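Work through each task yourself, then read the solution step by step.

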Amino acid sequence: MGAKRALGASAGGGPAEVAPRIALPTPALPLGEAPAHPAAEARAATPSGARLSVRDFSLYYGRHQALKAVTLEVEDRSVTAIIGPSGCGKSTLLRSFNRMNDLIPGVRTEGTLQVSGADVLSPATDVVDLRRRVGMVFQRPNPFPKSIFDNVAFGLRLLGVRGRTELETRVEASLRSAALWDEVKDRLERSALQLSGGQQQRLCIARCLAVEPEVILMDEPASALDPTATARVEELILKLKTSYTIVIVTHNMQQAARISDRTAFMMMGELVEMDTTRRLFTSPAKKITEDYITGRFG
Amino acid sequence: MSGSATVAASPPGAATRPSVAVRARQAWADRACHGLLAALAALVFAVAVLILYETTRGAGPAISALGWGFLTSTSWDPVAERFGALPYLYGTIVSATLALSLALPLGIGTAVFLVELAPRRIGEAVAFLVELLAAIPSIVYGIWGVFVLAPWLRSALEPWLIAHLGFLPLFQGFPFGIGMLNAGIVLAVMVSPTIISLSREILLSLPGSLREAAFAMGATRAEAIAVMLDGARPGLLGAAILGLGRALGETMAVTMVIGNTNRISPSLLAPGATMASVIANEFTEATGKLYLSALTEIALVLFALTIVVNALARLLVRMTMGARRDIAGAA
Amino acid sequence: MPPENFTPLASRGRGLRRRAVNAAAIGACVLAAALILLPLALIVWHLLAKGLPAFGPAFFLHMPKPVGEPGGGMANAIVGTLILVGLGALIAVPVGVGTGVYLAEYGGGRLSAIVRYTADLLAGVPSIVVGVAAYGLVVMPMGRFSAIAGGVALGILMLPTIVRSTEEVVRLVPQSYRHAALALGAPRWRVLQSVVVPAAWSGIVTAIMLAVARAAGETAPLLFTALGNRFWSLALDQPMASLPVFIFDYARAPYDDWNRQAWTGALVLLLLVAVVSALMRLTTRRIAGH
């Protein structure tokens, strides 16, 4: 199992990849051949299979400490859920992976945080590139006030994709991966704001997928959606996990139990416990975890 | 809502119950108050009507004597009683357009600076200074334009333009220093605070999720700003048109620097005149009823033009920001 | 789908170009801000450099001298501006504050909608058009240029600012104040007079000062209403000197000495506007402190 993971991991996001992330026909290369583009090494998960690695990570908003020495690892191509009561720091932790906390003035961090083996907290990190590789889906769908096509093409255009054929191909592939293509294929030029909430959220996922990220961060992605739309998003997450590493913050424990492989429980800025989902929910190690899960508080 | 006092029933003999007469007096006082305030409000409406009435009445003789030709003729001969306002219409539009083409990029750029780029203290200082710019009276801009800007244009910028861009009819002619270019620059400075403050409000009213989504997709700051500006387009257009409205009506600074000739010239270096400047210059000199009436007709055209432009601007801003009544007073 | 060999996305978009465009765009915005402030610096600099020499008590106390005679001041113009603005306020304050209170308290009907729209409209009317209207309304019936005509013109110009700001400030008075007063048995007009208006008073005063500061600098509407006066005159039915018109005349004159006095006059005018604005800011800060 370890060897298989290592093989798949070392092939990164390039042409040597076995299972293409989106339904793009790519030239197939034999396994083990060196990837064609320079940044492939940074793209590999660490040999241990961890795509995200957090060690003694603390975060301060001014004087207030929001995260306290968090240490955890997120496996490549899995779904990890982060649960906990309001204000426990789960969103803050999530937003640290793609340095979105930088947008808030007065934020300070300690410790290390690695994505695909590379430290993302150092000033030398190319944050713009990091955010392509680590995508984010927000609680309230936030499509741009542009057409459906232009929304998905947005990230592509930032990367310099200009050819109409390439744009159309990639946009269609992303919309298919997000299970939205059939619903919008006849109205790609219409405004994205005309879609329903669930459709907008899947559009945001498609927009995220278009730039071929390695990790997808989801901050309570279904909390603003009705049950049907929620179910579709959860279905989509299960489908996506074969190609992407997904970290999802949720306050809905049943959701975490349904879709995640591993779950982390946080409280007051600290990581209390992290385990496979089944073990955390059936026999948690700490009493406080059990109290939260059984609804005694939160 | 009637204001007559309602007092809870109290034990008989209590002195707190107002008599019927008192309550009637209070009801009358309330109606009088309402009536007085309504009358004052109606007075405001009356003022606007009076302005419209007065300018129309004053323009009457000219309208009937000169007809539509007034707007297309270029001859302005008070002695022969031939009046044509085209040079002034031309001057107004050209100076305002030039002003906007300078003020719009500078204004929106400054607004972006204030909203997205400046650290808080610097941003506050700059915003304060922009407000100062807005408070400077027009006449002060005028003397600055005549005594400071004109010499500089005459000796530095205009010769440079003639030398390097003189193949365009736009930059041909003699470097007088005063003229359309001077007026355009002064107007641009005067109109910028309006554009800046309104653009700033519009950018601040954009939902924060738009900015977040752009950054989360891996946009650079400039790319994220481009997304925001794109989302604010109708409102920014409204700001531009509001600035245009201001530029159209500006009088004193323009009068002092535009040269005041009634010739239409394709060159920006040439002197000209605007509707406002010709009225300012000639109204007190106007001998003869038709002369005065012609000038009043120009005032009427200016009036109508600014009403239309301002209404359009308000519509566009309302579309972006929801109902906002006080944008016309911005800066 | 025909097989396409697209360049992998991972190797794209990291080049110098995006970073260069980003830096250029940010630089352009900073440059824009600097360019906007440049005229401000220049104007203040020149006002001080050219206006200070003749600045002094003499300027405020002396009358203008004929051409060729050195010295002289703009005493009549300074006093004239104060009188004209005072007249304007006399018209604009009662009407404006009353209208603002009306719109805030009894707003919602047809009259309110019309008046609100009218106030917005008036705010956009060029001041010279107001001058032309005032000419027809006051100067022609009176048969002469007068301070009253100038005051009317300035009053009309001050009206929209006062109306709009008063309405905003009165709206901000908490409903709880009104309810408390009504519950105590006060009639509506008493509620307005003794509770609402006093609560909004600082804001109203601020609005008036803003209008006054703007009106003091207005030139165009005075050109053919109050006209101007080289002599000392306090008569309201005669032409009256004003600082802006004085500056205008002296700046256009072909005499160096007069041009210099124009600069000093401009400095005085700007100081007047600055003082009023500073007072306004102090009042606002006091409200915010409540």
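**Exercise 1. Find out how many helices and strands chain C has, and describe its overall shape.**

Keep in mind that this is a predicted model.

Step 1. Start with the secondary structure: chain C has ten helices and zero strands. Following the sequence, the pattern reads α-α-α-α-α-α-α-α-α-α.

Step 2. Now look at the dimensions. Along the principal axes, the C-alpha atoms of chain C fill a box of roughly 90 × 65 × 40 Å. The radius of gyration of chain C is 26 Å, while a compact globule of 290 residues would have one near 19 Å.

Step 3. Turn to the inside of the chain. Of the 290 residues in chain C, 51% are buried. Take the contacts in chain C between residues at least 6 apart in sequence: 72% of them join residues at least 24 apart.

**Exercise 2. Describe the side of chain B that touches chain C.**

Step 1. Count the residues on each side: 76 residues of chain B are in contact with 75 residues of chain C.

Step 2. Ask which element gives the largest share on the chain B side. That is helix H1 (residues 20-66) of chain B, with 22 residues.

Step 3. Sort the chain B side by residue type: 50 are nonpolar, 19 polar and seven charged.

**Exercise 3. Work out how helices H3 and H5 of chain B are oriented against helix H1 of chain C.**

Step 1. Recall what to look for: a pair of packed helices is described by the angle between the axes and the distance between them.

Step 2. Take helix H3 (residues 86-117) of chain B with helix H1 (residues 16-51) of chain C. Their axes come within 7 Å and cross at roughly 110 degrees. Angles from 65 to 115 degrees count as roughly perpendicular, so H3(B) and H1(C) are roughly perpendicular to each other. Their crossing is left-handed.

Step 3. See who meets whom. The residues in H3(B) include Gly109(B), Val112(B) and Phe113(B), and those in H1(C) include Cys29(C), Ala32(C) and Ile36(C). This contact consists of 13 nonpolar residues, two polar and no charged.

Step 4. Repeat with helix H5 (residues 138-165) of chain B. H5(B) and H1(C) pack at about 85 degrees, with axes 11 Å apart, and are therefore also roughly perpendicular to each other. Here Val140(B), Trp144(B) and Val148(B) meet Leu42(C), Ile43(C) and His46(C).

**Exercise 4. Locate Gln238(C) and decide whether it is buried, partly exposed or exposed.**

Step 1. Find the place: Gln238(C) lies in the loop between helix H8 (188-216) and helix H9 (243-252) of chain C.

Step 2. Count its neighbours. There are 16 other C-beta atoms within 10 Å, so Gln238(C) is partly exposed; a buried residue would need 20 or more.

Step 3. Look at what surrounds it. Leaving out residues up to four places away in sequence, Gln238(C) touches Ser146(C), Ala147(C) and Ser233(C). The C-alpha atoms of Gln238(C) and Ala226(C) are 7.7 Å apart, and the two residues are twelve apart in sequence.

Key: Residues are numbered from 1 along each chain as its sequence is written. Chains are lettered from A and ligands numbered from 1 in the order in which they are written. This is a predicted model: local features need pLDDT of at least 70, side-chain atom pairs count only at pLDDT 80 or more; totals for chains, interfaces and linings use all residues. Two residues are in contact if their C-beta atoms, placed from the backbone, lie within 7 Å. Helices (H or I, at least four residues) and strands (E, at least two) are DSSP runs, numbered from the N terminus. Ala, Val, Leu, Ile, Met, Phe, Trp, Tyr, Cys and Pro count as nonpolar, Asp, Glu, Lys and Arg as charged, and the others, Gly among them, as polar. The radius of gyration is taken over C-alpha atoms; the globule rule is 2.2 Å times the number of residues to the power 0.38. A residue is buried if 20 or more other C-beta atoms lie within 10 Å of its own, exposed if 12 or fewer, and partly exposed in between; C-beta atoms are placed from the backbone. Axes are lines fitted to C-alpha atoms, for helices over the stretch in contact, and angles run from 0 to 180 degrees between N-to-C directions. Angles under 35 degrees count as roughly parallel, over 145 as roughly antiparallel, 65 to 115 as roughly perpendicular and the rest as oblique. A crossing is left-handed if the near helix is turned anticlockwise from the far one by less than a right angle, and right-handed if clockwise.
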